[in-house]
Amino acid sequence: MDKNLKEQVLRSSGVNVLKCMRCGKCSGTCPSYDEMEYHPHQFVYMVERGDIETLMKSKSIYKCLTCFACVDRCPRNVEPAKVVEAVRLAAVRQQGNNHMNPNQIPEMLDDDLPQQAIVTAFRKYIK
Amino acid sequence: MKRIGVFVCHCGTNIAATVDVKAVAEALGHEPGVVISQDYQYMCSESGQNLVKNAIKEHKLTGVVVCSCSPRMHENTFRKAAASAGLNPYLVEIANIREQCSWIHKDIASATEKAIILGKAAVAKVHLNSPLTAGESPVVKRALVIGGGIAGIQTALDIAEAGFDVDIVEKNPTIGGKMAQIDKTFPTLDCAACILTPKMVEASQNERITIHSFSEVADVKGFVGNFTVKIKKKARFVDETKCTGCGLCTEKCPMKKVPNEFNMGLDNRTAIYIPFAQAVPKVATIDPNYCMMLQKGKCGICSSVCSVGAIDYKQEDKIIEQQYGAIVVATGFNPINLDKYDEFAYNQCPDVVTSLELERLMNAAGPNGGTLLRPSDKTHPHKIVFVQCVGSRCDDSKGKPYCSKICCMYTAKHAMLIREKYPDTEVYVFYIDVRTPGKNFDEFYRRAVEQYNVHYIKGMVGKVTPRSDGKIDVQASDLLANEQLHIDADMVVLAAAIEPDKTARPLATMLTTQMDTNDFFTEAHPKLRPVESATAGIFLSGACQGPKDIPETVAQASAAAAKAIGLLVKNSITCNPCVAHSDELMCNGCSSCEKVCPYGAITYVDKEFRMPDRTTAIRRVASVNPAVCQGCGACTVACPSGAMDLNGFSNSQIMSEVDAICK
């Protein structure tokens with residue numbers, strides 16, 4: 001277990017995972033549930049245990065839609081989506097590079113594509 | 001010069017582990033006036049007290065300082081010990097070196113230093129202590145119970161049984177409270193009305209009990225043993241003394257579309273109504289918001305059909321005033337409002353109901369005569385989902401932080417009753433934890449699982465979506481199977497958190513009692529004084545103090561009654577001699593003290609004074625009623641001329657304590 005990794009995830013998410021009472025409402029409300037290997041409540045629990053590398057290796061970190069349903073409905077304000085995002089960030093940072101080259105952007109631009117999606121894509125998708 | 005004895009307690013290791021008690025005793029022994037300074041393992045024990053008593057006699061002590069726990073704990077113990085040794089009890093001072101020193105410090109050196117300073121301050125104060133004599137005030141032999149639910153009824157019955165008059169003030173038209181709305185009780189499944197209504201009748205027939213229904217407490221003045229309470233009897237537009245409860249008016253009333261609050265708004269009642277068949281008192285009440293006579297001046301049918309002429313459209317709110325020796329608060333609880341929880345679709349779908357609504361749906365006197373039907377289309381539900389912890393155990397911004405305690409049990413009860421009566425119905429319960437501490441409680445829950453095949457699934461429901469085909473999609477996670485479920489339910493039942501009644505907070509202000517952040521009344525001690533409030537003469541009964549089931553409520557109600565009886569049997573009670581008094585020569589008559597006094601203990605009188613030139617002048621000066629004064633000290637702070645002073649906590653005593661600390 002990598003203690004620094006856990007601290008990094010806790011710090012960058014700003015989430016206190018100890019507030020979780022394991023009710024599973026986050027996973028009960030998650031629209032991507034069936035796509036995910038690890039579900040929102042498992043993210044919270046595994047981060048608490050420090051089992052972060054397993055999460056980083058899983059495709060689940062890219063399946064979260066960041067719809068924030070779990071954040072909205074968590075009875076204890078744990079904000080699981082922020083944990084998922086922090087693990088995703090940890091994975092991306094550890095790989096040490098972006099997944100897109102800025103030169104590729106002009107050809108991808110189209111009017112319907114939100115700019116934010118491009119920025120996110122830098123980190124999310126491996127071509 | 002005073003002869004002072006200092007006694008330092010180890011409190012086992014509570015104090016001695018972090019404070020060097022021998023060093024404290026040694027250091028305080030050198031203080032001026034201290035003739036003996038000792039330490040002992042348990043000063044509050046019999047032998048510890050004897051140590052104090054013997055020292056008083058042997059060394060002819062005129063002041064005692066005990067360095068021990070909080071004065072709230074043992075001040076009385078040591079005052080009594082001193083009194084039995086012939087020393088005025090108010091010459092004893094406590095230096096709190098436990099709660100305010102040893103328990104909050106880790107470092108022995110600094111804790112010891114602080115303990116010595118606290119001891120020095122107490123020694124400095126005791127130098128200025130003067131003997132005080134406590135007065136007595138009479139006790140009014142009548143109790144007031146606020147709230148007429150099962151808690152209030154039980155308390156009133158017990159107090160009446162002991163031979164004292166009791167008044168119950170109930171804000172609704174009938175007593176009975178929440179228990180009257182409940183269908184069956186756990187874990188015995190006996191009918192709530194069958195065990196409650198005999199008690200309601202008993203209360204109404206007991207000649208020592210007066211029920212003020214449809215009434216509210218408007219004002220409380222006075223103090224333990226002698227409260228003066230104003231009770232507002234709200235206009236019910238029916239003469240209680242004439243109405244026989246025949247119910248003819250309720251049959252004939254043309255205004256039939258008023259939401260029936262007794263059935264949780266699931267059906268309608270008339271504008272003139274009797275809440276339910278066993279209501280006590282069984283008297284009709286007119287709802288002025290819906291009555292056409294009161295709204296538009298047209299109708300008057302109830303008045304014309306009433307054979308005893310009980311209808312009085314001109315009735316007005318009436319204030320009555322009564323003296324009481326003790327007050328018991330039994331204001332109860334309500335389920336929380338579910339507007340905030342959109343994900344459960346409570347406001348969108350009539351087939352999503354609260355557990356209390358389900359009680360009415362299943363009750364024989366309920367809207368469907370006891371047949372469980374969906375509120376939307378009156379069909380039998382075949383798949384019912386229960387959701388636990390709705391609004392309980394939440395972060396403060398999302399709901400109530402506490403466990404509502406009763407929901408696990410009543411949900412198991414509902415699930416079991418439905419499976420018993422309608423075996424073709426599938427029942428799912430989504431839980432976070434099943435909490436069943438209590439006699440025969442876990443066995444009850446296991447019966448729901450093992451005997452009645454209720455599906456208990458660990459995981460909170462995430463989303464409830466009413467579908468166009470009348471079914472309700474319940475989306476949840478099964479945490480143990482690690483899968484997400486979609487259940488097409490016919491009904492969803494939400495176990496809503498419970499909260500104290502909204503009337504509790506303004507009442508607490510009137511009674512000058514304390515509440516916690518959730519508006520539950522705070523008990524005087526969480527373990528040892530669970531039914532008393534911190535305000536003398538005010539007792540707590542039932543769910544107003546915290547979530548409780550019926551057996552616990554009844555137990556606490558009887559305990560509160562016992563405490564109230566303990567007060568009422570006394571002819572008089574010893575007053576606190578630490579009250580304020582004014583130096584009339586210094587008082588300039590400004591009224592500052594009168595304005596800040598929360599108890600109304602200060603009045604101003606015109607008094608004759610002899611002036612230096614031998615003339616007589618009449619001056620306006622403050623006068624304190626020592627029986628009403630609670631010794632809070634607000635007046636001594638407000639007084640600009642320094643005329644107001646508090647016995648036992650005089651300005652000079654407090655300044656000398658401060659001096660000793662700063663030395």
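Five bridges tie β24(B) to β25(B), and the two strands run antiparallel. Strands here (E, at least two residues) and helices (H or I, at least four) are DSSP runs, numbered from the N terminus. Two strands count as paired if DSSP finds at least two bridges between them. Look at B:V464 and you'll find that its bridge partner in β25(B) is B:V474. Strands of a sheet pair through backbone hydrogen bonds, either parallel or antiparallel.

This is part of an open sheet of three strands, in the order β24-β25-β26 (chain B), with antiparallel pairing. The edge strands, β24 and β26 (483-489) of chain B, each pair on one side only. On average, neighbouring strands of this sheet are turned by 20° against each other, direction ignored. For angles like this, axes are lines fitted to C-alpha atoms (for helices, over the stretch in contact), and the angles run from 0 to 180 degrees between N-to-C directions.

## Before you go on

This is a predicted model: local features need pLDDT of at least 70, side-chain atom pairs count only at pLDDT 80 or more, and totals for chains, interfaces and linings use all residues. Residues are numbered from 1 along each chain as its sequence is written, while chains are lettered from A and ligands numbered from 1 in the order in which they are written.

## Chain B as a whole

Chain B comes to 18 helices and 36 strands. Its C-alpha trace spans about 90 × 70 × 40 Å along its principal axes. Of its 663 residues, 45% are buried; a residue is buried if 20 or more other C-beta atoms lie within 10 Å of its own, exposed if 12 or fewer, and partly exposed in between, with C-beta atoms placed from the backbone.

Take the contacts in chain B with a separation of 6 or more: 70% of them are between residues 24 or more positions apart. A contact means that the C-beta atoms of two residues, placed from the backbone, lie within 7 Å.

## Where chain B meets chain A

How many residues does the contact take from each chain? It takes 19 residues from chain B and 15 residues from chain A. On the chain B side, β24 (461-466) and β25 (472-478) each supply at least two residues. By class, that side has seven nonpolar, seven polar and five charged residues. Here Ala, Val, Leu, Ile, Met, Phe, Trp, Tyr, Cys and Pro count as nonpolar, Asp, Glu, Lys and Arg as charged, and the others, Gly among them, as polar.

## A parallel sheet with a helix across it

Another open sheet has four strands in the order β2-β1-β3-β4 (chain B), this time with parallel pairing. Its edge strands are β2 (34-40) and β4 (92-96) of chain B, each pairing on one side only. Six bridges join β1 (residues 4-9) of chain B to β2(B), and B:V6 stands opposite B:S37 in β2(B).

Helix α1 (residues 21-29) of chain B lies across β1, β2 and β3 (63-68) of chain B, running at about 175° to β2(B).

## Nonpolar cores

In soluble globular proteins, nonpolar side chains tend to be buried together. A nonpolar core is a set of buried Ala, Val, Leu, Ile, Met, Phe, Trp, Tyr and Cys residues joined through C-beta atoms within 7 Å. Which residues touch the most other members of the largest core, with its 131 residues? They are B:A143, B:V328, B:F430 and B:V492. Helix α12 (residues 407-421) of chain B gives the largest share of this core, nine residues. A second, separate core of 43 residues includes B:V8, B:I15, B:V52 and B:C67.

Most residues other than glycine have a negative phi, and most peptide bonds are trans. Now find B:F186 and B:P187, which are joined by a cis peptide bond with omega about -10°. B:P187 lies in the loop between β8 (184-185) and β9 (190-191) of chain B. The peptide bond from B:V280 to B:P281 is also cis, with omega near -5°.

B:A345 has a positive phi, near 55°, and B:R614 has one near 65°. Buried or exposed, what is B:A345? B:A345 is buried, because 20 other C-beta atoms lie within 10 Å. B:R614 is exposed, with 6 other C-beta atoms within 10 Å.
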